[in-house]
Amino acid sequence: MVPLMVAAGESASSSLTGASVVSACALLFTVASFWWLNARQGRLQAWEPHSFAAIVHGSTARLRLPLVLHNTGPKPIVVQDLILTFPDEPASHLPLLWVSSPSRLQPGPDEEAKLPAGFVVLGREAQQLFLEFEAPFSGFLPEARDYKAQIQVRVGHRRGWHPLLTFSLRAANIIDPDRYTVYNNAPLELTKEDQKRADAALVELLEEHGDGSPPGRRRQGDPSDDGDADTSG
């Protein structure tokens with residue numbers, strides 16, 4: 001009789017342990033599923049633009065980019081600020097600041113100025129927008145080559161600046177830098193005529209700066225500029 005009672009007790013204990021394990025696993029799965037579906041903090045994704053608008057006039061560089069931002073998580077992401085940088089270029093190439101959020105890619109005189117403002121990308125949603133970046137004395141000159149460009153972002157749930165998108169800006173397609181217009185950002189070969197126009201425009205732009213130095217690069221003996229912005233976050 002005693003062995004039977006012991007065996008029954010061990011069987012009941014084994015069943016109870018198995019049920020506890022199943023219940024614990026079910027609870028963990030429920031909590032993890034809820035977190036994944038409703039509380040997980042995602043990240044922003046962006047893709048290389050197929051086109052851009054540009055003007056480099058005098059000492060001012062301005063670029064307009066069409067972007068699609070995608071939030072990979074369920075929680076909204078607050079975008080506070082953006083800048084455009086050229087990581088592989090000299091230090092004289094200052095970041096281009098986010099100065100406007102136009103409603104279209106093609107610039108025009110009938111546009112309504114829309115100053116930059118923080119915005120929200122809702123969870124698991126994509127948002128298309130046009131961003132305009134500008135910097136006086138940026139040092140950016142449209143040489144006939146590809147530039148490594150990087151858009152950095154400041155978001156509400158993290159501190160500092162973080163890379164959002166690194167892409168090739170094909171400045172060789174800028175054949176008329178004094179005119180604010182749209183260019184293709186695809187890796188296409190320029191015709192000889194377009195290449196001559198681009199080279200002539202570059203020479204004319206360099207001549208406007210007198211000594212041929214890029215805008216923003218101070219000559220030796222010029223006073224230092226104490227007003228440089230610190231974008232380190």
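**Charged and polar side-chain contacts and surface patches**

In the predicted model, the side chains of Arg170 and Glu48 are joined by a polar contact of 2.9 Å, a polar contact being a pair of N or O atoms within 3.5 Å, of which, within protein, one must be able to donate a hydrogen and the other to accept it, with residues adjacent in sequence counted only if both atoms are side-chain atoms. Local features in this predicted model require pLDDT of at least 70 and side-chain atom pairs pLDDT 80 or more, whereas totals for chains, interfaces and linings use all residues. Residues are numbered from 1 along each chain as its sequence is written, and side-chain values use heavy atoms, with hydrogens and water left out.

Arg170 is located in strand S9; helices (H or I, at least four residues) and strands (E, at least two) are DSSP runs numbered from the N terminus. Arg170 counts as buried because its relative accessibility is 13%, where buried means under 20% relative accessible area, exposed over 50% and partly exposed in between (1.4 Å probe, protein chains only). Strand S9 covers residues 162-170 and also holds His162. The side chain of His162 makes a polar contact of 3.1 Å with that of Arg158. With a relative accessibility of 18%, His162 is likewise classed as buried.

Side chains of opposite charge can pair when their charged atoms come close. A salt bridge was assigned where a side-chain nitrogen of Lys or Arg lies within 4 Å of a carboxyl oxygen of Asp or Glu. The count by this rule is nine salt bridges. In one of them, Arg62 pairs with Glu134, with 3.0 Å between the closest N and O atoms. Arg62 belongs to strand S3 (residues 60-71) and Glu134 to strand S7 (residues 126-136), so this pair ties together parts that are 72 residues apart in sequence. Arg62 is partly exposed, at a relative accessible area of 26%.

A salt bridge of 2.7 Å, N to O, is formed between the side chains of Arg64 and Glu111. Because Arg64 lies in strand S3 and Glu111 in the loop between strand S5 (96-100) and strand S6 (119-121), the pair ties together parts 47 residues apart in sequence. Arg64 is buried, with a relative accessible area of 3%, whereas Glu111, at 25% relative accessibility, is partly exposed. Both residues take part in a network of salt bridges that links Arg64, Arg104, Asp110, Glu111 and Glu132. A further salt bridge connects Arg145 with Glu143, the closest N and O atoms being 3.1 Å apart. Arg145 has a relative accessible area of 30% and is partly exposed; Glu143 also counts as partly exposed, at 35%.

Surface patches were built from residues with over 30% relative accessible area and no salt bridge, like charges being joined within 9 Å and nonpolar side chains (Val, Leu, Ile, Met, Phe, Trp, Tyr) within 5 Å. Accessible areas come from the Shrake-Rupley method with a 1.4 Å probe, and for residues only the protein chains shown count as cover. Val78, Val120 and Leu122 make a nonpolar surface patch of about 220 Å². Leu122 is placed in the loop between S6 and S7 and is partly exposed, with a relative accessible area of 43%.

A surface patch of negative charge comprises Asp178, Glu204, Glu207 and Glu208. Lys and Arg count as positive and Asp and Glu as negative, while His and the chain ends are not counted; the place of a charge is taken as NZ of Lys, CZ of Arg, CG of Asp or CD of Glu. Glu207 is in helix H2 (residues 192-208) and, at 58% relative accessibility, counts as exposed.
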